[in-house]
Amino acid sequence: MNGTLWWYSASSTIAFVAIATAMVTGEAADPRLDGARCFLRPDGYLGGTVSDSVLEVPALPGALNETFTGIVDALSVASGVRRQALWAIASDSIANRSLDVGAALGDRSLGSDVAEWLIGEMAATLPSPRFVDVGGRRFTRRCSCCLLYETSGADKCTSCPRRSPSDRLRGLEAAARY
């Protein structure tokens, strides 16, 4: 469970930096960790990455694939989590962060387009990103679970694929109104 929770956070952090710079500036912060500065939070989770290198946007899928492959392989061995489950988390992280940046730019559908392009161009076998429109807002229809609900005092996330479809829809409708 710890490997899954850590990767859910780390993959989201790594993806966000690269995707945000690509969508906002037209150049991507290099997501490769060699040469990057990484910051851990006191709980051991990845707090952020800083890279002085930039890439042309067409090079982003390969660089992100390289970074994620190294981490997925090592984390799978260390934690016992199946590689495909870790890749599903990576796919959802890319989709969520792309939607977030698209929303900040005023166009969540741009975010889903970027996620579909990025994941489609990556060499790894990632599940295709899925999206659902609820209440006038686009959400990632997640294919992965962070397992946060297995920790004390936590419930399943609003968009958790382990919720019943009707319960998930009610939660997304509430989130869309918020």
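A search of the whole structure finds one cavity of 30 Å³ or more. A cavity here is a set of points, on a 1 Å grid over the protein atoms alone, where a 1.4 Å probe fits but cannot get out. The structure is a predicted model, in which local features need pLDDT of at least 70 and side-chain atom pairs count only at pLDDT 80 or more, while totals for chains, interfaces and linings use all residues. Residues are numbered from 1 along each chain as its sequence is written, and side-chain values use heavy atoms, with hydrogens and water left out.

The chain has five helices and six strands. These are DSSP runs, numbered from the N terminus (helices: H or I, at least four residues; strands: E, at least two). Along the sequence they follow the pattern α-β-β-β-β-α-α-α-β-β-α. The radius of gyration is 16 Å, close to the 16 Å that the globule rule gives for 178 residues, so the chain is as compact as a globular protein of that length. That radius is taken over C-alpha atoms, and the rule is 2.2 Å times the number of residues to the power 0.38. Of the 178 residues, 46% count as buried, meaning under 20% relative accessible area with a 1.4 Å probe, protein chains only.

The largest cavity has a volume of about 50 Å³. This volume is the space filled by probe spheres set on the grid points, which are joined across faces, edges and corners. Lining residues, those with an atom within 4 Å of a point, include Ile 14, Val 17, Ala 18, Asp 30 and Ser 51. Helix H1 (residues 2–25) gives the largest share of the lining, three residues. By class, the lining has seven nonpolar, two polar and one charged residues. Ala, Val, Leu, Ile, Met, Phe, Trp, Tyr, Cys and Pro count as nonpolar, Asp, Glu, Lys and Arg as charged, and the others, Gly among them, as polar.

Asp 30 lies in the loop between strand S1 (27–29) and strand S2 (37–40). Its relative accessible area is 12%, so Asp 30 is buried. Beyond its neighbours within four places in sequence, Asp 30 is in contact (heavy atoms within 4.5 Å) with Ser 51, Ser 53, Val 54, Leu 55 and Ala 63.

Arg 163 sits in the loop between strand S6 (137–140) and helix H5 (165–177). Arg 163 is also buried, with a relative accessible area of 16%. Residues up to four places away in sequence aside, Arg 163 touches Asp 155, Lys 156, Cys 157, Thr 158 and Arg 168.

Conventions: Buried means under 20% relative accessible area, exposed over 50%, partly exposed in between (1.4 Å probe, protein chains only). On a 1 Å grid over the protein atoms alone, a cavity is a set of points where a 1.4 Å probe fits but cannot get out, and a pocket is an open set with protein on both sides within 12 Å along at least five of seven lines; lining residues have an atom within 4 Å of a point.
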